[in-house]
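Open your viewer, switch to a cartoon view and keep the selection tool at hand. We will go from stop to stop, selecting a few things at each one.

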Amino acid sequence: TVDLDDGQNKTSIVLDKPNQGLLLYPYIWHVMREFKDNTTMLVLADTEYDEKEYIRNYDDFIQQFPKNI
């Protein structure tokens, strides 16, 4: 299960078949959970990893979005 949050909308996607995948775009908070035994995760990226580009705290992430009035 992958929980997705763009700062305004939240949804969960269940990946329960070996032929399923998920494309994550920038600025989407995601949490991966409920891994089953023998789960394999493959991550492909189009750029080299840079720790400075990542937000590790949800409150910091959500502050980037304007408040709904």
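Colour the chain by secondary structure and read along the sequence: the pattern is β-β-β-α. That makes one helix and three strands, where helices (H or I, at least four residues) and strands (E, at least two) are DSSP runs, numbered from the N terminus. The radius of gyration is 14 Å, well over the 11 Å that the globule rule gives for 69 residues, so the chain is more spread out than a compact globule. Here the radius is taken over C-alpha atoms, and the globule rule is 2.2 Å times the number of residues to the power 0.38. Buried residues make up 9% of the 69 residues; buried means under 20% relative accessible area, exposed over 50%, and partly exposed in between (1.4 Å probe, protein chains only).

Before zooming in, keep in mind that this is a predicted model, in which local features need pLDDT of at least 70 and side-chain atom pairs count only at pLDDT 80 or more, while totals for chains, interfaces and linings use all residues. Residues are numbered from 1 along each chain as its sequence is written, and side-chain values use heavy atoms, with hydrogens and water left out.

**Stop one: the strands**

Select residues 2-5 and 10-13. These are strands β1 and β2, which pair in the antiparallel sense over four bridges; two strands pair if DSSP finds at least two bridges between them. Now pick Val-2, whose bridge partner in β2 is Ile-13. Turn to β3, and you will find Met-32 standing opposite Val-2. β1 and β3 also pair in the antiparallel sense, over four bridges.

Next, look at the hairpin of β1 and β2. Four residues lie between its strands, and Gly-7 takes a positive phi near 100°.

How far apart are the closest N and O atoms of the Asp-5 and Lys-10 salt bridge? They are 4.0 Å apart. A salt bridge here is a side-chain nitrogen of Lys or Arg within 4 Å of a carboxyl oxygen of Asp or Glu. Colour this pair by accessibility: Asp-5 is buried, with a relative accessible area of 6%, whereas Lys-10 is exposed at 67%.

**Stop two: more salt bridges**

A search of the whole structure finds five salt bridges. Select Glu-51 and Arg-56 to see another of them, with the closest N and O atoms 2.9 Å apart. Glu-51 is partly exposed, with a relative accessible area of 39%, and Arg-56 is exposed at 55%. Salt bridges that share partners join Asp-3, Arg-33 and Glu-34 into one network.

Show the side chains of that trio. Between Arg-33 and Glu-34, the closest N and O atoms of the salt bridge are 2.5 Å apart. Arg-33 is partly exposed, with a relative accessible area of 31%, and Glu-34 is exposed at 55%.

**Stop three: the loops**

Stay on Glu-34, which sits in the loop between β3 and α1. Its positive phi is about 60°, although Glu-34 is not a glycine. For another such backbone, select Tyr-27: this residue has a positive phi of about 65° and is not a glycine either. Tyr-27 is found in the loop between β2 and β3 and is exposed, with a relative accessible area of 61%.

Then go to Asp-50, in the loop between β3 and α1 (58-62). Asp-50 counts as partly exposed at 26% relative accessibility.

**Stop four: the largest pocket**

Which residues lie nearest the centre of the largest pocket? Select Leu-22, Leu-24, His-30, Met-32 and Val-43, and you have them, out of 41 lining residues. Strand β3 (residues 29-32) gives the largest share of the lining, four residues.

Finally, colour the lining by class: 24 residues are nonpolar, seven polar and ten charged. In this scheme Ala, Val, Leu, Ile, Met, Phe, Trp, Tyr, Cys and Pro count as nonpolar, Asp, Glu, Lys and Arg as charged, and the others, Gly among them, as polar. A pocket is an open set of points on a 1 Å grid over the protein atoms alone, where a 1.4 Å probe fits, with protein on both sides within 12 Å along at least five of seven lines; lining residues have an atom within 4 Å of a point.
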